[in-house]
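Here are my notes on the model you sent. Please read them beside the coordinates.

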Amino acid sequence: MARVFLENIRKVFDNKVIAVDDLTLEVPDKGLVSLLGPSGCGKTTTMRIIAGLESPTRGRVFFDENDMTDVLPEARDVAMVFQFPVIYPGMNVYENIAFPLIARKMRKNEVRKKVEEVAKIFEITELLEKKTHTLDAGSKQKIVLARTFVRRPKMYLLDEPLTAVDPRTRLELRTILKRLQSDLGQTMIYVTHDQSESLTLADKIAVMNEGKLLQYDSPEEVYRNPVNTFVGYFIGNPGMNYMNCSLNEEQGKCLLDAHDFRHFLPHISIKNLGEKRSFIVGIRPENVEVSFESQKDWVPAECILSEPIGSRVVLHLKIGDKVIKAKVPHIEVEVGSPVWFRFPEEALKFFDNETLEAVKIW
Ligand SMILES: Nc1ncnc2c1ncn2[C@@H]1O[C@H](COP(=O)(O)OP(=O)(O)O)[C@@H](O)[C@H]1O
Ligand SMILES: [Mg+2]
């Protein structure tokens, strides 16, 4: 168990590639933090720096109050799992899982007890005596995870451990990992580019892009109050809709003008806006209200695509040259049919149209 503190970490490869850019992040002891961001944003490099497999160009790594920056990986007592399962060849499943315990000279009967316990958790008891080369990627990753969790290091570092696994096993393992982390009360850092994985697993999400930490908050907070348009789009399925707009005073009220449609926002005080009038307005697809009959003050649009996802459907609504996505309960909609939509005022988010940062105008 340990708290991890990364202080102003920078990593430059070959004097030109800035993989991690001034990252400061505190992972609480026993916390489950997810590093989330697109491919190439510096997640793996950050994990390798924590594990000691890479040294930072600048900045310090602390475990609790101890400066670990120059400590060798084997002396850090962390366990890391990579995207593609690394199985030790020539050993059966049992021997693979037992390996870290045998390497630490644990007694044989104690080893057996621990391996059987962890095999049960990962539901691979029946595989224990099998050779590994016949197994599929999902089973192999279960073995790697079992080998990792058979031991209690200071922390677990998991780098996209479920990406190469089939979807059914992925869901199964997600649940097992979440339960295991909370039962063990161990610090875990979980890297993924899949926002739904972060939202379901983590206590806190660190959203990264281009080596920088953009937001570090609870899943609820990154979903509800993204700090900029990137986070709003990256989190959510699908991401937030955005439109350029202006906010002006009309008849003593605030009027949102998104060029193709206009909307009064009675609860926003124009006085709070200062000089600025041009913004980007954002709304999540699940917050767009849709009607299949004409309603007063709702905006008419054309449904150009209906995309089922699970129990819901994403409607692509065309208005002028824009497309707005609305996520609604499952319904049959004919492509080309007219629909009407409305934005509930309280669900709107505003962003600076130059910096793309969130602005508070409520
Ligand atoms: N050993 C390396 N040498 C040179 N560039 C690297 C090396 N490792 C990573 N990079 C670069 O650093 C950036 C971040 O990579 P990485 O940390 O692997 O991102 P992620 O895990 O988020 O996909 C990328 O541009 C990648 O090409
Ligand atoms: Mg990576």
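The points below go from the domains to the sheets, the helix packing and a few backbone details.

1. Basis. This is a predicted model, in which local features need pLDDT of at least 70 and side-chain atom pairs count only at pLDDT 80 or more, while totals for chains, interfaces and linings use all residues. Residues are numbered from 1 along each chain as its sequence is written, and chains are lettered from A and ligands numbered from 1 in the order in which they are written.

2. Domains. The chain splits into domain 1, residues 4–234, and domain 2, residues 241–359; such bounds come from an automatic or database domain assignment. Their C-alpha centres are 39 Å apart. Six residues of domain 1 and eight residues of domain 2 make the contact, where two residues are in contact if their C-beta atoms, placed from the backbone, lie within 7 Å. On the domain 1 side, two of the residues are nonpolar, four are polar and none is charged. In this classification Ala, Val, Leu, Ile, Met, Phe, Trp, Tyr, Cys and Pro count as nonpolar, Asp, Glu, Lys and Arg as charged, and the others, Gly among them, as polar.

3. Four-stranded sheet. Helices (H or I, at least four residues) and strands (E, at least two) are DSSP runs, numbered from the N terminus; two strands pair if DSSP finds at least two bridges between them. One open sheet has four strands in the order S2-S1-S4-S5, with antiparallel pairing. Strands S2 (17–27) and S5 (66–67) are at the edges, each with a single partner strand, so one side of each has no neighbour in the sheet. S1 (residues 4–13) pairs with S2 in the antiparallel sense over seven bridges, and the bridge partner of Phe13 in S2 is Val17.

4. Axes are lines fitted to C-alpha atoms, for helices over the stretch in contact, and angles run from 0 to 180 degrees between N-to-C directions.

5. Pairings within that order. S3 (residues 32–36) and S8 (residues 187–192) are parallel and share five bridges; Leu36 has Thr192 of S8 as its bridge partner. S9 (residues 204–209) and S10 (residues 212–217) are antiparallel, also over five bridges, and Ala206 is bridged to Tyr216 of S10. The S9 and S10 hairpin has two residues between the strands, and Glu210 there takes a positive phi near 50°.

6. H2 against H3. The axes of H2 (residues 93–103) and H3 (residues 108–121) come within 10 Å and cross at roughly 125°. The two helices are therefore oblique to each other; angles under 35 degrees count as roughly parallel, over 145 as roughly antiparallel, 65 to 115 as roughly perpendicular and the rest as oblique. H2 passes H3 in a right-handed crossing, and a crossing is left-handed if the near helix is turned anticlockwise from the far one by less than a right angle, and right-handed if clockwise. H2 contributes Tyr94, Ile97, Ala98, Leu101 and Ile102, and H3 contributes Val111, Lys114, Val115, Val118 and Ala119. Nine of these residues are nonpolar, none is polar and one is charged.

7. H2 against H4. H2 also packs on H4 (residues 137–149), at an angle of about 30° with the axes 7 Å apart. H2 and H4 are therefore roughly parallel, and their crossing is right-handed. The contact takes Val93, Asn96, Ile97, Phe99 and Pro100 from H2 and Ile143, Ala146 and Arg147 from H4. By class these are six nonpolar, one polar and one charged.

8. Hairpin of S17 and S18. S17 (residues 312–319) and S18 (residues 322–329) run antiparallel and are joined by eight bridges. His316 stands opposite Lys325 of S18. Two residues lie between the strands, and Gly320 in the turn has a positive phi of about 60°.

9. Backbone details to look at. Asn237 and Pro238 are joined by a cis peptide bond with omega about -5°; Pro238 is in the loop between H8 (229–234) and S11 (241–250). Glu123, a residue other than glycine, has a positive phi near 55° and is in the loop between H3 and H4.
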